[in-house]
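Okay, everyone, thanks for coming. Let me put the structure up, and then I'll walk you through it.

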Amino acid sequence: MRFSTLVKLLQSGDAALQSSERGADPILSGAASLEQAKADQLSFLEKGNALTIQLKNSSVGAILLPDQRDLIDLARERQIAFAVFTNPRLAFAEALDQLYPRRRPPADIHPTAVLDSQAVVGPGTSVGPRVCIGANSRIGAQCILHPGVVIYDDVIIGDHCELHANAVLHPGCRLGDRCVVNSNAVVGSEGFGFVPTAKGWRKMPQTGQVVLEDAVEIGSGTTVDRPSVGETRIGAGTKIDNLVQIGHGVSTGRGCALASQVGIAGGARLGHGVILGGQVGVANRVVVGDRAMASSKSGIHNDIDAGAVVSGFPAIPNRLWLRCATTFSKLPEMAKTLRELKRETPQ
Amino acid sequence: MRFSTLVKLLQSGDAALQSSERGADPILSGAASLEQAKADQLSFLEKGNALTIQLKNSSVGAILLPDQRDLIDLARERQIAFAVFTNPRLAFAEALDQLYPRRRPPADIHPTAVLDSQAVVGPGTSVGPRVCIGANSRIGAQCILHPGVVIYDDVIIGDHCELHANAVLHPGCRLGDRCVVNSNAVVGSEGFGFVPTAKGWRKMPQTGQVVLEDAVEIGSGTTVDRPSVGETRIGAGTKIDNLVQIGHGVSTGRGCALASQVGIAGGARLGHGVILGGQVGVANRVVVGDRAMASSKSGIHNDIDAGAVVSGFPAIPNRLWLRCATTFSKLPEMAKTLRELKRETPQ
Amino acid sequence: MRFSTLVKLLQSGDAALQSSERGADPILSGAASLEQAKADQLSFLEKGNALTIQLKNSSVGAILLPDQRDLIDLARERQIAFAVFTNPRLAFAEALDQLYPRRRPPADIHPTAVLDSQAVVGPGTSVGPRVCIGANSRIGAQCILHPGVVIYDDVIIGDHCELHANAVLHPGCRLGDRCVVNSNAVVGSEGFGFVPTAKGWRKMPQTGQVVLEDAVEIGSGTTVDRPSVGETRIGAGTKIDNLVQIGHGVSTGRGCALASQVGIAGGARLGHGVILGGQVGVANRVVVGDRAMASSKSGIHNDIDAGAVVSGFPAIPNRLWLRCATTFSKLPEMAKTLRELKRETPQ
C-alpha cells in the first residue's frame, strides 16, 4: 500500500491527522520499530520520546509523528514520508489494521463441531473445528469461535465476539458484544469455596455466574471464577492480560487494565479505570477506588482511595514506598550505626 | 421449592438443624447474598457476622441462622422464614445443592470421543465430545469427562471423578475417588529437571508419576508435575485453586487448601491441613508442618513448624511480620532520626 | 535390563564412565531416589551430597557414583553394583532414557485431525487425534503432535519437535528443531497492547511473531505473546517452566532457565544463560546481562549486570539482600531503640 493511500484511510480515523508529506510516497509492505524499520516499512514516534537520534539513523520509509518541530524538520530533511497526528500512537494502531488486514475464517459451522440441538448460533458467525456448544447456549452474530473452544450449557454470547483456541466458558456465562477470550482461558469455572467440617473441606456449590460486559478482553490462560450466589462481573472495556486469576464474586468497573499474573481474591471490588501492574495481588473483599493504580508485585490488603497510586507489600503510597525501598537496602548499615550510638550513649 | 420442604431435606444433612419457623413458607427460586436477596430467595448468616443491620434491611424471603437470639428475634419480627443450624454455612451449602440440582450429562461415550482399544471406561461414566483416552488407561464408574479432556496412556482414575473441559492427564497419573480436575488443568506433565552440561541443559527424564488421593480438587489452569523418579502426591481432601504450580516430587498431606497462584517448588513437603494464601511461594525441599498457615504472597524458604502462621518474604511469624511491615513504612523517617542522632552524638 | 548392559550403553554417553563393578549384576526394573530404591532399582549420588549415611541404609541394587573414595568403598563393602562417572547426574539422566524407553505414537495423521488443505506435515511426524493445523502451516519431520493441539495459520515448525495435548500456536510462530511445547501452553497470542483513547482502550494490533530457536522448551500453561511489530524471541536451548508469562517483544539469549510463574514484561531483554527463580518479575524493557541470576520472587525493575546475583523486590545484590532481610525482622526493635536514644539525647 502506498503511504499516501494509507494516510487517506487514516484521515477518517480517530487519531486526528494534521498534515502530511508523502516524500517519495513509498509502497509500504508493513511496519516495524523505528530502530529496525526498512525503506518499505512504517513506524511512529510520540511526543517526548526523545528519539530524534533514532530518526536520524533510521532507514524507515515513512513515519507517523506528533506535532513536534524538530522531528518534522528532520523527516523533511531526510526525505522520509511523514504524517502528523495529534495521537500518533493511535494512528499507528489504525495503520496496522490497514497494513495487516485480518483473515476472517469462513462464516459457517465446521462439520467437526459438536452443537447441542438446542444451541443457537447467530448469522455470520464462524464455528471452527472441534468446537463444542452445550444446551441452551446462544452465540450472537459475526462471532469467531476458534478450534477446540468448549462452551458449556446456558451460556449467552453477544455479537462480534472472538473466542480463541481451547478457551472454555462454563455454565451461565454472559458475554456482551465485542468481547475477546484468548486461548486456554477459562471463564465461569467454580469459585474456590469450601466449608470446613469435621469430615474435611465440603464444597460450597458455586451457582452464580460470570458476566463480561461489552468489549472485555480476557488473556490467554486467565481464569475467571463464578461465585456461590450472585455474579462475578467485569466492566465494559476492561482488558485483562494472561494468567490472571479473578476470584469468585469479584467485580470491576469499566476500562480497567490488569497486567499479567495479577490475582484478585474473592469478593474484591475494583472501580472504573483501575490499573494493576504484573503479579499484583488484591485480598478478599478489598475495595479499590476509581482510577487507582498499583505497581507490579504490590499486595493490596486494605481499601485504596480513588486515584491513589500504591506500591509494595503491603501496599503503601507509591512515593513513600520508593523512599522506603531505597532505605531498605541501607538497613544493615542503619543497624550498625544504631548499635554504635547505643554503645556511646550514657545509660 | 417451598422453604418447609427444603428444611425437611436439610434435616438429614450434616449442618445440625435446631429449629425452624416457616413464616409464610415462601416458594424459593434460588439463593443470594443477604444484601441482594429477594422475597423468593434464600440466604444465610453466621455467628459474629455482625450483620443484624443487613437483616433489618434485607428483602430476603428465608434465611438460615446461627443460634443467636437477636437474629432470631429480628427474623421473627420481620416475618422472615428461618431455620437455625449449628453450622449455617454448611446448611447453606447443602441448600444450594437442593435448590440448584446439577444436570448430569448422559452416561455414555460420545461418538466423537477417541478411545484407545485398550482403554477401559467404568459403568455410568459420561465421556463427552472429543475426549481422548490413551492405551491402558482405566476410568472408574460414575465419572464425568467433559469435552476435550485428554488422557494419555497408563492413567488410572477412580469412581465419581469429574474432569472439566480440556483438562489433560499425563502418563502414569493415579486419581482416587471423587477427584475434580478443573478446566485446562494439567496433571502429570514433566517436571522442570535439567542437567547442566557443556552442551547446555540436558533433560532429566521424568519417569515418575502423580498421585491424587481421594477427593482432591485441582483448579483451572493449575499444573502438577511428575518427578524424575518416585511420585508427586496430593493428600486426600486437599483443595487446590486456579493457576497453582505444584513442582515435581512435591507431597502434601490431607486436607490442605492452596489458594490461587501458589507455587510449590520441587521436592517440598506439606503436612496435613496446611493453608497457603494466594501467590505464596514455597522453595525446593522445604518442609511445612501440619496445620501451618502462610498469608498471601509469603515466600517460604525455610522449614515451618506445625501450627505456625507466617507472612512476608522471607516468611517470618505473622505477628512479627505485621509489626515489621508497619515499621517498614517509617523507614525514611527512622533513617533521618538516625542521621540527626549521629550528628548530635559526640564521637 | 542387567546393570552391566546398562553400563555398556552409558559408555558411549556424555557422562564419562571411569570404572564400574557389577557386583551381583542385578536386573534393573527401574530407578528411584536412594532413600526409596529397592534391590532391582538404580539410583545415583553426586559429589558433596554428604549422603554416605543414606547409602549405608539404602536397599538400592545399583548406583551411579562420583569418583569419591568413601562412597566407592561403601558400595563395594555393601556389595552394591556401581559405576563411577565424572558426571553421575548426567549418567542417571542417560540411564533413565534406557530404563524407561519412550513409547512413540504412530507416525501418521489421525483421521480425526483437521488439516487445512495447504498445511504440510513432514515425514515421520505423528499428528494425534483432534489436532488442527491451519493454512500455510508447515510441520517438520519426526515431530509428535499430541491430541487437541491447535496450530493457527502460517506457523512453521522444525524437526523433532513435540507439542503436548491442547497446546496452541498462534499465527506466525516459528519453532526451530527439537522444541517442546507442553500441555495447554499458548505461544504467539496477542501481546497486551492498548492505546488509551477518549473512548477507552483501543487495541494496538499485534502483527509480529514469536520465534522459538532450537531446543527451546515451553512449560505447561505458559504463555508467550507476540508483539505489535517485530518479534518475541526465545534463544536456543532456553528452558521455561510452567505458568510463565513472556510478554510481547521480549527476547532471551541461549540457555536461559526460567522457573515457574516467572513474568517477563514487554520488551525486556535477557542475555545468555540467565537463571530466574520462581515467581520472579522483570519489568518492561529491562535488560538482564548474561549469566545473571535472580532468586525466587525477585522483582527486577532496573537493568542487571552480567553475572550478577540479585534478590528481593526491588531486586538488589543477593548478599546485601540476605543481610537486609535479616535486619528487616528486627525493625520493631530498632524503632524502639531509636525512640529511646532520641529521648535520652540532649536536644
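**Where the chains meet**

So, let's start with chain C and chain B: 50 residues of chain C are in contact with 52 residues of chain B, and by contact I mean C-beta atoms, placed from the backbone, within 7 Å. A quick word on the ground rules: this is a predicted model, where local features need pLDDT of at least 70, side-chain atom pairs count only at pLDDT 80 or more, and totals for chains, interfaces and linings use all residues. Residues are numbered from 1 along each chain as its sequence is written, while chains are lettered from A and ligands numbered from 1 in the order in which they are written.

Back to the side of chain C that touches chain B. Helices α4 (88-99), α5 and α6 of chain C each supply at least two residues there; helices (H or I, at least four residues) and strands (E, at least two) are DSSP runs, numbered from the N terminus. The most comes from α6(C), with six residues.

What about its other partner, chain A? That contact takes 52 residues from chain C and 50 from chain A. On chain C, the elements giving two or more residues include strands β18 (186-190) and β23 (223-226), plus helices α5 (318-328) and α6 (331-344).

Now zoom in on one helix pair. Helix α6 (residues 331-344) of chain B and α6(C) pack at about 40 degrees, with axes 11 Å apart; the axes are lines fitted to C-alpha atoms over the stretch in contact, and angles run from 0 to 180 degrees between N-to-C directions. That makes α6(B) oblique to α6(C), oblique being whatever is left after under 35 degrees (roughly parallel), over 145 (roughly antiparallel) and 65 to 115 (roughly perpendicular). Who touches whom? From α6(B) we have B:M334, B:T337, B:L338 and B:L341, and from α6(C) there are C:A335, C:L338, C:L341 and C:K342.

How do chains B and C relate? A rotation of 120 degrees with 0.0 Å of shift along its axis superposes chain C on chain B, RMSD 0.0 Å, fitted by least squares on C-alpha atoms of residues with pLDDT of at least 70 in both. That is the relation of a three-fold axis.

Last, a single chain. Chain A has six helices and 36 strands. Its C-alpha trace spans about 85 × 80 × 30 Å along its principal axes.

Conventions. Contact = placed C-beta atoms within 7 Å.
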